[in-house]
Amino acid sequence: MSNPPVYAPFEPADLDRMTMLFRHAFASTADGVRFYMSIIGDQNFRVMRRPGGAVGTLALLDMAQYFGGRAVPCRGIAAVAVEPGERGRGTGGRMMAAMLEEARADGMPISTLYPATLPLYSKAGYGMAGDRFTYRIPFGILRGLRPDPAPQLVSPTDRAVLAGLQRERAHRTNGLLERCELMWQRVRGTAEKPLDTFLIPGDDGPEGYLTLGSRAPDRTLHVEDWVALTPRAGRAILGFLAGWHSQANIVTWGGGPEDLLLHLLPDVGGAVASWEQWMVRVTDVAGALAARGWPIGVRAELTLDVADPLLPGNAGRYRLEIADGEASVERTGEPGTGAADIELGVDALATLYTGHLSPGTLAGLGRLRASPEALATATTLFAGPRPWLADMF
């Protein structure tokens, strides 16, 4: 049997094989591959290499993701592709395992991705962590609305202003990103797909914005990007969109399970056009727990027994102490060394960490074991807005 492929940084000699991998996995062109790589940076690609060339690849997107009001360093994973002849031989699993070791060594306590398939990422210790919805609204629901205040076209767009608005929204919920360059490129538009951004003015500065392109041939208008920090800004966005009623039949936007625009609609009739779930992997239990925010005014303590077959140095017994929004975390031993308040795998820890499922639901699914008292404490500590992502990657 031949030796397994080796995980390594991208080299220029890998480009032809990379282009082939992207063509098979994502229907990309050579020009499209180079453009994509130019945004992310060649240094942020990894390959699985055999003597004949690359047989697998992925991209590293270093960002931050907000949980409990704090930005947690996060390694996003994108562009995962494995040559068809390598599938079923463990190449994808070895690539993910090596990437996770690298992320842990680089001080990235969590990793986030959208799964194209569950078995690969579940085996790697990722757990379901949140939602992203696309809402579909007939213009009849918006008819008669008027924007107050009227959004104002900005050109050129000041990215720092938009980033500040995104950051303020991210502080208030769970899961949103401190965007990397790829995320911003996708909402700024190109010569082939021009986009326009409109700021919603407020008494003390902008209260939100929306970014739009042209309506699609099927008379759908999609909001490419948006933020509303106040109900007034949300109503201004809806009123502004209502002005397209004679050009489009449907408006869509990406949002979360507690979507502000959805709850400001004046009538029923909206629908979910698509639903995506994303996953998180905890690569450093102590680092991840210490980095996120916690409820203010709460003092509590839990011991967590975390199993992690893929990263043995990450497994263990942890004592978590919470006091007024801060966490103190100490690894106190190996897993299974006496009774712990909560016992769970690293994949279930990810789901608990983001608040995607409650401790009681995870216990009901058989994914964690805990006493009633520990469940009640965990429910208080991990409570918060339901996690979601605005960006796809």
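This is a predicted model: local features need pLDDT of at least 70, side-chain atom pairs count only at pLDDT 80 or more; totals for chains, interfaces and linings use all residues.

A pocket here is an open set of points on a 1 Å grid over the protein atoms alone, where a 1.4 Å probe fits and protein lies on both sides within 12 Å along at least five of seven lines, while lining residues have an atom within 4 Å of a point.

At least two lining residues of the largest pocket come from each of α1 (15–26), α2 (30–40), β4 (70–82), α3 (91–105) and α4 (118–123), and β4 gives the largest share, six residues. These helices (H or I, at least four residues) and strands (E, at least two) are DSSP runs, numbered from the N terminus.

The second largest pocket is lined by residues including Gly32, Phe35, Tyr36, Ile39, Leu182 and Arg186. Both α2 and α7 (181–188) supply at least two residues of this lining, with α2 giving the most, four residues.

| Pocket | Volume | Lining by class |
|---|---|---|
| Largest | about 710 Å³ | 18 nonpolar, eight polar and five charged residues |

A volume is the space filled by probe spheres set on the points, which are joined across faces, edges and corners. Ala, Val, Leu, Ile, Met, Phe, Trp, Tyr, Cys and Pro count as nonpolar, Asp, Glu, Lys and Arg as charged, and the others, Gly among them, as polar.

Residues are numbered from 1 along each chain as its sequence is written. Local features need pLDDT of at least 70 and side-chain atom pairs count only at pLDDT 80 or more, whereas totals for chains, interfaces and linings use all residues, and side-chain values use heavy atoms, with hydrogens and water left out.
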